Structures are given as structure tokens and as C-alpha cells.
Amino acid sequence: MANKFMEEALKEAKKSYELGEVPVGAVIVKDGEIIARGHNQKESSKDATAHAEIIAIREACRRLGSWRLEDCSLYVTLEPCPMCAGAIVEARIKRVYIGTESPKEGAAGSVINILNNKELGTSTEVYFGIMEEEAKELLKKFFENLRE
């Protein structure tokens with residue numbers, strides 16, 4: 001089941017890739033159904049907060065009519081940054097499924113851990129490595145094309 005939803009997050013990441021954005025995609029799932037989608041749009045929207053996770057969280061909140069996403073899971077192709085991890089905590093998302101780590105700014109345990117932090121009182125369930133090779137390959141291809 002996790003792969004099914006990560007495939008959808010990867011489709012979102014490919015939309016970012018086609019826009020010339022860092023290819024990150026996210027979907028939010030409630031009761032086995034995708035209720036929100038997002039892909040990076042930072043460059044195209046000229047908005048520093050237009051990360052895949054933030055876009056998906058905003059859509060899910062609108063759709064559910066609440067800022068509380070307690071019964072929801074987030075699938076994201078790249079480990080959330082500190083801003084996105086903070087938004088995940090604030091939205092009270094219970095589970096986060098991650099394609100690949102972000103060794104420079106990962107906030108789910110790679111660099112810092114905002115999602116599971118005793119001092120912050122956070123305890124989000126985090127699962128790494130969901131379709132990891134596909135997520136890594138898309139990022140690798142994007143950054144190789146940038147260097148050409």
C-alpha cells in the first residue's frame with residue numbers, strides 16, 4: 001500500500017521536475033484515499049514556502065475544513081526540511097513515509113529531528129526508504145541536468 005501512494009508522490013515530483021523545480025512530490029492520505037497533492041513550486045511561484053508538503057497540507061486542510069490532520073498520513077519523496085517538518089507537526093499528521101533522506105537539511109532524523117523530539121514533545125511515526133531508488137534517481141537526474 002505504501003508503494004501505491006509513493007508512486008503518486010513521485011508523479012507529483014515529476015511535475016516539479018518538468019517545471020525546472022527540485023523534484024519533490026507529496027500526497028496526503030486519509031482512510032486509504034488521497035485527499036491532497038503537492039509538488040515543489042518555489043521557483044515558479046516565487047514563494048519560499050511553496051514546498052510540496054506545505055502545498056499538500058494547505059489543500060488537505062481546505063478539503064477537510066480543519067487544520068488538524070490527525071488521521072492522515074503524508075507520503076513525500078524527499079525528507080522534509082525544518083519548515084515542512086514544523087508544518088507536519090503543527091498539522092498533527094501522525095505518519096510520514098519518506099522516499100529518500102536529505103543529507104543537507106533533513107528534519108526527520110538525517111540532520112535534525114523535528115518529527116520525533118522529546119524536547120519539542122513530538123512523536124510522528126516516520127518510515128524511510130519507500131521507493132527510495134526511484135526518488136533518488138529523479139533527484140540525481142535533476143541535479144546532473146543543472147550542471148550541464
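Let's start with E8, which sits in helix α1 (residues 2-18); helices here are DSSP runs of H or I with at least four residues, strands are DSSP runs of E with at least two, and both are numbered from the N terminus. E8 is buried, at a relative accessible area of 17%; buried means under 20% relative accessible area, exposed means over 50%, and partly exposed is in between, using a 1.4 Å probe and protein chains only. Leaving aside neighbours within four places in sequence, E8 is in contact with V27, I34 and R37, where contact means heavy atoms within 4.5 Å.

Keep in mind that this is a predicted model, where local features need pLDDT of at least 70, side-chain atom pairs count only at pLDDT 80 or more, and totals for chains, interfaces and linings use all residues. Residues are numbered from 1 along each chain as its sequence is written, and side-chain values use heavy atoms, with hydrogens and water left out.

**Salt bridges**

- The whole structure holds 8 salt bridges, each one a side-chain nitrogen of Lys or Arg within 4 Å of a carboxyl oxygen of Asp or Glu.
- D71 and K30 form one of them, at 3.8 Å from N to O. This pair links distant parts of the chain, since D71 is in the loop between α3 (52-64) and β3 (72-78) while K30 is in strand β1 (residues 25-30), 41 residues apart.
- K30 itself is partly exposed, with a relative accessible area of 22%.
- R63 pairs up with E33, and their closest N and O atoms are 3.1 Å apart. R63 belongs to helix α3 and E33 to strand β2 (residues 33-39), so this bridge ties together parts that are 30 residues apart in sequence.
- E70 is in the loop between α3 and β3, and R92 is in the loop between α4 (82-91) and β4 (95-100), so the pair ties together parts that are 22 residues apart in sequence.
- E70 is partly exposed at 31%, and R92 is partly exposed too, at 38% relative accessibility.
- Back to E8: salt bridges with shared partners join E8, K11, E12, K15 and R37 into one network.

**Nonpolar cores**

- In soluble globular proteins, nonpolar side chains tend to be buried together.
- The largest nonpolar core here has 30 residues, and those with the most contacts inside it are I28, I57, L69, L74, I93 and V96. A nonpolar core is a set of buried Ala, Val, Leu, Ile, Met, Phe, Trp, Tyr and Cys residues joined through side-chain atoms within 4.5 Å.
- β1, β2, α3, β3, α4 and β4 each supply at least two residues of this core, and α3 gives the most, with 6 residues.
- A second, separate core has 12 residues, among them V29, Y75, Y97 and A135.

**A87**

- A87 is found in helix α4, and it touches I54 and I57 when residues up to four places away in sequence are not counted.
- The C-alpha atoms of A87 and L120 are separated by 13 Å, and the two residues are 33 apart along the chain.

- The largest pocket holds about 650 Å³ of space. Of the 27 residues that line this pocket, the closest to its centre are V22, L78, E105, L139 and F143.
- A pocket is found on a 1 Å grid over the protein atoms alone, as an open set of points where a 1.4 Å probe fits, with protein on both sides within 12 Å along at least five of seven lines; lining residues have an atom within 4 Å of a point.
- Grid points are joined across faces, edges and corners, and a volume is the space filled by probe spheres set on the points.
- α2 (42-45) and α5 (132-147) each supply at least two residues of the lining of the largest pocket, with α5 giving the most, 8 residues.
- That lining divides into 11 nonpolar, 4 polar and 12 charged residues; Ala, Val, Leu, Ile, Met, Phe, Trp, Tyr, Cys and Pro count as nonpolar, Asp, Glu, Lys and Arg as charged, and the others, Gly among them, as polar.
- The second largest pocket has about 170 Å³ of space, and its lining includes R92 and I93.
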